[in-house]
Amino acid sequence: MGTRVHYAEEVKWEVIKMKQAGMTNKEIMEQLGIKNKTQIKTWMRWYKTGQAYRFSQQVGKQYSYGKESEEMSELEELKLKNKQLEAQLAIIKKYQEIERSWSHESLSKL
């Protein structure tokens, strides 16, 4: 049986940002030293389903039953909300960047 690897919460958030920026799992694994692509998929699933609070839980303790935000301190909730908003902002910026490139392409065709 293999040894469990613990990744810092910051690494998990960095994975989310990198995926949103369009990077592949392989690129992310190489840059951040992540051993298994399934881990990236799991973190993305948690993020997309609103379970990002699981990022801060211990290895093997990422179960969801009874671990909702009522057990988090106000500071932890604010930190989580801040990270979620930063990720949303990154998505919006990326979208605007893509949108600008589309408008530049359409102008250059005229």
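Which residues make the nonpolar surface patch of about 330 Å²? Tyr-95, Ile-98 and Trp-102 do. Patch members have over 30% relative accessible area and no salt bridge, with nonpolar side chains (Val, Leu, Ile, Met, Phe, Trp, Tyr) joined within 5 Å and like charges within 9 Å. Ile-98 sits in helix 4 (residues 74-108) and is partly exposed, at 32% relative accessible area; that label covers the range between buried (under 20%) and exposed (over 50%), using a 1.4 Å probe and protein chains only.

A quick note on the model: it's predicted, so local features need pLDDT of at least 70 and side-chain atom pairs count only at pLDDT 80 or more, while totals for chains, interfaces and linings use all residues. Residues are numbered from 1 along each chain as its sequence is written, and side-chain values use heavy atoms, leaving out hydrogens and water.

Now the salt bridges: there are two, each a side-chain nitrogen of Lys or Arg within 4 Å of a carboxyl oxygen of Asp or Glu.

| Pair | N to O distance |
|---|---|
| Lys-83 and Glu-9 | 3.4 Å |
| Glu-97 and Lys-94 | 3.7 Å |

Lys-83 is in helix 4 and Glu-9 in helix 1, so this pair ties together parts 74 residues apart in sequence. Glu-97 and Lys-94 both belong to helix 4, three residues apart, or about one turn of the helix.

Helix 1 (residues 9-20) also packs against helix 3 (residues 37-48) at about 85°, with axes 10 Å apart. The two are therefore roughly perpendicular, a label for angles of 65 to 115 degrees.

Definitions and conventions
Accessible areas come from the Shrake-Rupley method with a 1.4 Å probe; for residues, only the protein chains shown count as cover. Helices (H or I, at least four residues) and strands (E, at least two) are DSSP runs, numbered from the N terminus. Axes are lines fitted to C-alpha atoms, for helices over the stretch in contact, and angles run from 0 to 180 degrees between N-to-C directions. Angles under 35 degrees count as roughly parallel, over 145 as roughly antiparallel, 65 to 115 as roughly perpendicular and the rest as oblique.
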